[in-house]
Amino acid sequence: MENETYVETARLRSPELPHRYLTVGLRADGDLVFEGQDLRPGLPEYEYVVTVRAADVPELMRVVGAVSGRELLDALVRRSEEIVPGVHGWLRGLGIPTELWTHRSD
């Protein structure tokens, strides 16, 4: 998340998935960006970025009951158990359009 200008960030964790790391940030341009890693022992590292464009952020805010960027991130942190296992699928299940980038190391 160091290459972009973020106005708010938060970390999402799931005790049941300690090998998964997920950070969410609200960028200055209004996009919401989830950046994650899956670091399971013995498997290649898996990285992903899921972006919700600024035009779609208000719908996500409505769905989770947030009225500000900070409230949105706080609501996402409270839902970490739902989100961490599969943020892309969670957002699609809510009808929120996303862009997905993935990378798996050798």
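# Notebook: strands, core and pockets

I looked up valine 33 first: at 3% relative accessibility, valine 33 counts as buried (buried means under 20% relative accessible area, exposed over 50%, partly exposed in between, with a 1.4 Å probe and protein chains only). I recorded that the model is predicted, that local features need pLDDT of at least 70 and side-chain atom pairs count only at pLDDT 80 or more, and that totals for chains, interfaces and linings use all residues. Residues are numbered from 1 along each chain as its sequence is written, and side-chain values use heavy atoms, with hydrogens and water left out.

**Entry: strands**

I placed valine 33 in strand β3 (helices, H or I with at least four residues, and strands, E with at least two, are DSSP runs numbered from the N terminus). From valine 33 to arginine 53 I noted 8.4 Å between C-alpha atoms, with the two 20 residues apart in sequence.

I then listed the pairings (two strands pair if DSSP finds at least two bridges between them). β1 and β2 are antiparallel over 6 bridges, and threonine 9 stands opposite glycine 25 in β2. β2 and β3 are antiparallel with 7 bridges, where tyrosine 21 has glutamine 37 of β3 as its bridge partner. These two strands form a hairpin with 4 residues between them, and glycine 30 in the turn has a positive phi of about 95°. β3 is joined to β4 by 7 bridges, again antiparallel, with leucine 32 opposite valine 52 in β4. Between β4 and β5 I found 6 bridges in the antiparallel sense, and valine 49 stands opposite tryptophan 101 in β5.

I also checked the burial of β2: 7 of its 8 residues are buried, so β2 is largely enclosed by the rest of the structure.

**Entry: nonpolar core**

Of its 26 residues, Leu32, Phe34, Leu72, Leu76 and Leu91 touch the most other members. The elements that give two or more residues to this core are β1 (6-12), β2, β3, β4, α1 (57-64), α2 (69-78) and α4.

Which residues does leucine 76 touch beyond four places in sequence? I listed Leu12, Val24, Leu32, Phe34, Ile83 and Trp90 (contact means heavy atoms within 4.5 Å). Leucine 76 lies in helix α2 and is buried, with a relative accessible area of 0%. Its C-alpha atom is separated by 16 Å from that of tyrosine 6, 70 residues apart along the chain.

**Entry: pockets**

I looked up the pockets last (on a 1 Å grid over the protein atoms alone, a pocket is an open set of points where a 1.4 Å probe fits, with protein on both sides within 12 Å along at least five of seven lines; lining residues have an atom within 4 Å of a point). The largest pocket holds about 200 Å³ (grid points are joined across faces, edges and corners, and a volume is the space filled by probe spheres set on the points). Its lining includes Arg11, Tyr21, Glu35, Gln37, Val49 and Trp101. The elements giving two or more residues to this lining are β2 (20-27), β3 (32-38) and β4 (46-52).

The second largest pocket holds about 160 Å³. Of its 13 lining residues, Tyr46, Tyr48, Pro85, Gly86 and Val87 lie nearest its centre. β4 gives the most to this lining, with 3 residues.

Methods: Core = buried A, V, L, I, M, F, W, Y, C linked by side-chain atoms within 4.5 Å.
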